[in-house]
Amino acid sequence: MAISQRPNIILFMTDDHAPAAIGAYGSLINKSPAVDRLAAEGTVFENTFCTNAICSPARATLLTGTYSHVNGMTSLEGPNHRFDASQPSFPKMLQEAGYQTAIVGKWHLGHGEGHDPEGFDYWEILPEHGVYHDPDFVTAGGRKKYQGYVTDIITDLALNWLDKRDPDKPFCLLIQHKAPHRPFEPAERHRHLYEHEDIPAPPTLHDDLDGRAPAAHEAKMSMEDLTDEDLKGVPVPPGLSPREEREWRYQHYIKDYLRVIAALDENVGRVLHYLDVTGLDTSTAVTYTSDHGFFLGEHGWFDKRFMYEEGMRIPLVLRWPGVAEAGSRHEELVANIDYAPTLLDMAGLAPHPRMQGRSLVPLVKGEDQKEWRDAVYYRYYMHLDVCHNVQACYGIRTRTHKLIHYPGHGSGADGAKDAPRTPAWELFDLTRDPHELHNRYDDPQYADVVKDLTAQLDEIQHHFGDTPKGVLPAPTAS
């Protein structure tokens, strides 16, 4: 395929943007006109999931198209928290094929030789998580400091690079936002947004977690675990009942979260406007996603990590003029290991043999995919992380059920190896129980389902080369 025929590619990756806060996914709590425009002019994947719901591992999977045990990024802590940037990645392969490549915004894969971005003609990234106001950025030439709001600045950098690129070559630009990561600090222009209204609460806000595995009960990510920083120093009103206090905390939490998203969506709109006025809109494929999901009060929680729907489900919207049917939606089970093969396929390139996902291009084109996957494999390693105390887990999610195992051990948290837990299982019937309120693992009526899913879990782990009971295999670079 000639380079001139290949689409330009822009990929937005946000941090913690749950589908429940996107209009195109039926949000009941906010509007997202720019992302919704992408959906209306392109296609929405309804059932997209991350394979490890934590920041750095999800970003490594995006680049490499591999699971955490293959790319080595299993954790945020301990020995497995810095990315080996020499690994094969889709930006490198696009660059080698003649694409101009750039990344701006959040990297969160370590810094220094061997860890900074590779395969990019230009990169300007936040140190670790970065900050919302007056942020520093890391570049190949050293650090820079900018005045202003980080979401606006990331977009400024992206648009400046687009202005300076070679117009005769295709490009791939990754715009990776910090937003809406905690702590949720809005731009000044949105500081009073939603001030005089109540945001609808999810139906499971007051879930008592009855019947769920012990891991759910000992996690520290409930509304009551929100800190003074999260609440912006506003004291809890005296005299509230526990139920009322949870509702009060939810309102403060969700409003700041949505205020941050307001700026995020505005800046997506800025990029779309740029494409419109420069005439790049018809030759550029634009993708919007997040590194993982986020609990927006469901089960009384914030954060992610768990294999419950809100933690592992992510948005995936693709506008690809002339290819993706406007307003279409796809129900297939998709995972973030599919992103790298898809972006390469869009450019007419075969995936690297190491990649474990599948291209979504045939689905986008409407081609029959009878052999598409019937389950998504998930594994979270950070056993009893120091902030949220969530146990390590792994499992599979099919169209109708979810089987989760908490092995009682994992990696990445200080002291976790000295704090094993009793192994536990959960089974959810997603058809009858979409909110995952009833653990059916020990229900005799589900004995055959447990047997079948356990066998399927063993098979999928073997297929992907995972070793759930033992030592992590060393990552391979080729």
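Analyst: Helix α2, residues 55-64, is mostly covered, as 10 of its 10 residues are buried. Buried means under 20% relative accessible area, exposed over 50%, and partly exposed in between, with a 1.4 Å probe and protein chains only. Helices (H or I, at least four residues) and strands (E, at least two) are DSSP runs, numbered from the N terminus. This is a predicted model, in which local features need pLDDT of at least 70 and side-chain atom pairs count only at pLDDT 80 or more, while totals for chains, interfaces and linings use all residues. Residues are numbered from 1 along each chain as its sequence is written, and side-chain values use heavy atoms, with hydrogens and water left out.

User: What do the buried residues of α2 pack against?

Analyst: They pack against β1 (8-14), α3 (68-71), α4 (90-96), β3, β7 (171-176) and α9 (339-346). Contact here means heavy atoms within 4.5 Å. Among the buried residues of α2 are C55, R59 and T64. Just after α2, G65 takes a positive phi of about 70 degrees.

User: Now the strands, please. Which sense does the pairing of β4 and β5 have, parallel or antiparallel?

Analyst: Strand β4 (residues 122-126) and strand β5 (residues 136-139) pair in the antiparallel sense over 2 bridges. Two strands pair if DSSP finds at least two bridges between them. The bridge partner of I125 in β5 is V138. With strand β3 (residues 100-106), β4 runs parallel, joined by 5 bridges. There, G105 has I125 of β4 as its bridge partner.

User: And what joins β5 to β6?

Analyst: A hairpin does so, through 2 residues. β5 and β6 (residues 142-145) pair in the antiparallel sense over 4 bridges, and F137 stands opposite K144 in β6.

User: Back to β4: how many of its residues are buried?

Analyst: In β4, 4 of its 5 residues are buried. L126 has its place in this strand. L126 counts as buried because its relative accessible area is 0%.

User: What does L126 touch?

Analyst: Leaving out residues up to four places away in sequence, L126 touches G105, K106, H111, P135, D136, F137, V150, I154 and K178. The C-alpha atoms of L126 and H177 are separated by 9.4 Å, although these residues are 51 residues apart along the chain.

User: Which residues have the most contacts inside the largest nonpolar core?

Analyst: They are F90, Y253, Y257 and F306, in a core of 147 residues. A nonpolar core is a set of buried Ala, Val, Leu, Ile, Met, Phe, Trp, Tyr and Cys residues joined through side-chain atoms within 4.5 Å. Helix α7 (residues 242-278) gives the most to this core, with 15 residues. Not counting residues up to four places away in sequence, Y257 touches D16, H17, A18, A21, P180, F184, F294 and L296.

User: One last topic. Which secondary structure elements each supply at least two residues of the lining of the largest pocket?

Analyst: Those elements are β2 (43-49), α8 (309-312) and β11 (328-335).
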